[in-house]
Structures are given as structure tokens and as C-alpha cells.
Amino acid sequence: MKRSRFFYRSSFCFSATLLFIVMLFTSCGDTATTNTGSTTTTTNAYATAYQSAKYNNGSGGTMTVSFPSSCSMTVSATGLPYQHQTYYLTPVMTGGTVVATTPSGIQLGVSPYAGSGLSTSAKAITATFNTCPTKASSTTATGGGAIGLIFSGTVLFDAYEATNTVALGDNASYTFTSGGTTYTAYFIDPCNQHTTGGASGSTWHYHGVPSCWTAVADGSSTSASHIIGIALDGYPIYGGYDVNGKAVDPSTLDACNGITSATPEFPSGAYHYVLPVNTTTSQSSINCYTGMVSATLSAEMKKMACKMPFLLADGNVRLPDGREVSRREADAWMRTTMPEMQMAVASAMKIASNRKPPMSMPGM
């Protein structure tokens, strides 16, 4: 995701608050209003299913849900992870200690969830979704950043990082002992989620099936999948098991990771997206929208992306378009594309090019 040291994937530079301000959908014309948690009468099967879905409205109070009309749903969430690890691997900042490297070369160090900025990096989410989705004449690319909301209260991103690396295929872990206790820190944790911390303006997000939440929504890890979220186009998101509790074969999904089949909410079958289990390929998340998404919304999502270069372990730089170039070429790119960032980039590259070999984690 982030190629090392100071530079971060565009997905982490999104402000989920800003993103979801524009995630407003046209209702079906019903102007009735309801109180938080109430429902409205509807004959649309999708809208009915959303009204009966399971949300993270427990003691943590991380989500509130209301249905202001028969075809709309408004959600508010803190953006905090439903579950989290004690430690995470995050891109090494200036002067940090490298303890692990992803397959693509991202240099990582250990960060505690508490007190490191990770626990305060969540962005509050307020959004209104169309719960009566309809298919479009053609699909729309998802792009970077948030592409939907999982009902744990955390957003879903697509499968990729900014440099076209599949996130779940570019993971790393590091096991260490601290205070007599053994910990394993992950770049992307077992719930397929992560963030890079408050300094980068990131927010918690999933890159694949959120196993910690599907266990809640489904009742077990291998039973039939229930609705776990909603995509930007209004179609429901499911985990990776079919109505019989069998793992969905990714080859049966369409180009957007969608399928028309029976689910607990739709015994006769309905179109929905699937996040397959045990998948670290591009099919780990939704690849495009089948339903109607406004061109304005797509443009706003693309415009808000942070196009940051990533410093590689070999000293070169990966640009957002995927090209690997020298530091000199990257500096020229920055002068043209993001002149206000040039000094910060040059400084970080200089520090990284002179960095010492990795050392043991202090105090571990």
C-alpha cells in the first residue's frame, strides 16, 4: 500500500467525512420521515432487507441507522474498527525502525493501536443511501477510496492500493515479545482491515471480507452469509458463503464481484455483491458498480484522491500511475504535479537513501 517511510496510498488520504458527504442518493419520491432506528413501509425487497439487517448498534454505539423514506437509509458511524489488534505494522516514518517488508517492498514498523494515532484516525461517517437500487446500462469503475459501508461501522475500499497492488496480496506480519507477552502485528489484520494512522489523514477500512463482522451477522464463520453492508450504488454486500453455507467460488461472480442467487434475505434470488473468503486476488473486494452511480459522484471520488509517490526499498520511487522511476525523475514529477509537496518529498527521500539497516525494536 504505502511504499515505505513517508508516502501513503491515496486510499488513506481520503477523508471519509468528505467522501460520504457526497454519497447522497435520490430517494424514490417518498418524503415521509422517521426517527432513528424506525422503519417505513415499503414493497421494495432490497429496502425491506436493509430494514431488517444487523447493525453495530450495541453497547459501543458506533452506528445509528434511520429510514427517512421507503427507499432511503441514513447512517451515522464513528468509523472506528469493530475489533482491532493491540499492535499494527504501519509505514515507517522518518527515523523509525523497519521490522517487516511487504512483498512489494513497503517498509513497516510496529505501532500500538492505543497512543500511536491509530486509535484516533477514524473519520466519522454520515451518509444517505438509496435502498431501492437499479442496474445501469453499463458498469462504473469503483476507483480508490471508500466504495461502500460495512454495517460494523467501517468503510470498504476496493482491492487495490494506489500503485495497482492488490492489498491483501501485499500483507506482512511481525511477531515479538513485549512485557512477557507475545504479539503478532499485521499490516492488514485478520479482519482484513487497517489504517496508516492519524498523521496521514487515513481512516479504518476493509480491503476484503470483514471476518470479525460476518461472524456476528451470520452467527458463525461458515453459515450462510447475510447482508453485511451496502455499496455506493445501493446494492447489498455479502460475505463469502452461499445460502447453503458453501464458500462462493470467485469464478461464479461477474466482473464487479456480483451474482444473482438465493440468500437468507432473498430466498428466490436477488443481485448482490460478494466478498469471497480466503481470497487475496483482485476479487477480494468489489471491482465496479453494477447499479446506477452518478458521474458527479465518481468525479468527486477521483478528485479527492491523494496522489502520493511511494519510496521503494531499492531507493527508487513508485509513482501513482505504477511507474518505477529514479529519485531525480520523481522529483521532476513532483515539481510538475504537486509543487507544494516537493520539499517534503525531497527531504524524506534523502533520509531514506541514507537509512541504517533495520534494528531490533527497542524495549521489545
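Thr203 has a relative accessibility of 2%, so it counts as buried. This is a predicted model, and Thr203 sits in the loop between β12 (193–194) and β13. Val155 is 48 residues away from Thr203 in sequence, yet the two C-alpha atoms are 8.4 Å apart in space.

Step back to the whole chain. The protein chain has 364 residues, and 54% of them count as buried. It holds seven helices and 21 strands. Take the contacts between residues at least 6 apart in sequence: 67% of them join residues at least 24 apart.

The average pLDDT is 76, and 67% of the residues score at least 70. Residues 1–37 stay under 50 throughout, although the model gives them 155 contacts beyond four places in sequence. Residues 303–307 also have pLDDT below 50, and this stretch has eleven contacts in the model beyond near neighbours in sequence.

Now to the eight-stranded sheet. It is open, with mixed pairing, and its order is β12-β13-β9-β8-β14-β15-β17-β16. The edges are β12 and β16 (258–261), each of which pairs on one side only. Within the sheet, β8 and β14 run antiparallel and are joined by three bridges. Leu149 has Ile230 of β14 as its bridge partner.

What lies across β8, β13 and β14? Helix α4 does, running at about 120° to β14. The helix spans residues 211–218, and its buried residues are Cys212, Trp213, Thr214, Ala217 and Asp218. An α-helix has 3.6 residues a turn, so residues three or four places apart point the same way. The buried residues of α4 pack against β8 (146–150), β13 (205–206) and β14 (227–231). Just after the helix comes Gly219, with a positive phi of about 95°.

The largest nonpolar core has 48 residues. Tyr50, Tyr55, Met73 and Phe151 touch the most other members. A second, separate core has 14 residues, among them Tyr87, Leu89, Val110 and Ala172. In soluble globular proteins, nonpolar side chains tend to be buried together.

Strand β2 (residues 72–77) runs antiparallel to β6, and six bridges join them. In this pair, Thr74 stands opposite Thr128 of β6.

Strand β5 (residues 107–112) comes next. How many of its six residues are buried? Five are, so the strand is mostly covered. Two other strands pair with β5. Strand β3 (residues 87–91) is antiparallel to β5, joined by five bridges, and Tyr88 stands opposite Ser111. Strand β4 (residues 100–101) pairs with β5 over two bridges, also in the antiparallel sense. Thr101 has Gln107 as its bridge partner in β5. The hairpin of β4 and β5 has five residues between the strands, and Gly105 there takes a positive phi near 105°.

End at another loop residue. Ser285 lies between β17 (270–274) and β18 (288–291). Is Ser285 buried or exposed? Its relative accessibility is 0%, so Ser285 counts as buried. A polar atom of its side chain lies 2.7 Å from the backbone oxygen of Phe157. Beyond four places in sequence, Ser285 touches Ile147, Leu156, Phe157, Asp158, Ala159, His207, Asn257 and Leu275.

Conventions:
Residues are numbered from 1 along each chain as its sequence is written. This is a predicted model: local features need pLDDT of at least 70, side-chain atom pairs count only at pLDDT 80 or more; totals for chains, interfaces and linings use all residues. Side-chain values use heavy atoms; hydrogens and water are left out. Helices (H or I, at least four residues) and strands (E, at least two) are DSSP runs, numbered from the N terminus. Buried means under 20% relative accessible area, exposed over 50%, partly exposed in between (1.4 Å probe, protein chains only). A polar contact is a pair of N or O atoms within 3.5 Å; within protein, one must be able to donate a hydrogen and the other to accept it, and residues adjacent in sequence count only if both atoms are side-chain atoms. Contact means heavy atoms within 4.5 Å. pLDDT is the predictor's confidence in each residue, from 0 to 100. Two strands pair if DSSP finds at least two bridges between them. A nonpolar core is a set of buried Ala, Val, Leu, Ile, Met, Phe, Trp, Tyr and Cys residues joined through side-chain atoms within 4.5 Å. Axes are lines fitted to C-alpha atoms, for helices over the stretch in contact, and angles run from 0 to 180 degrees between N-to-C directions.
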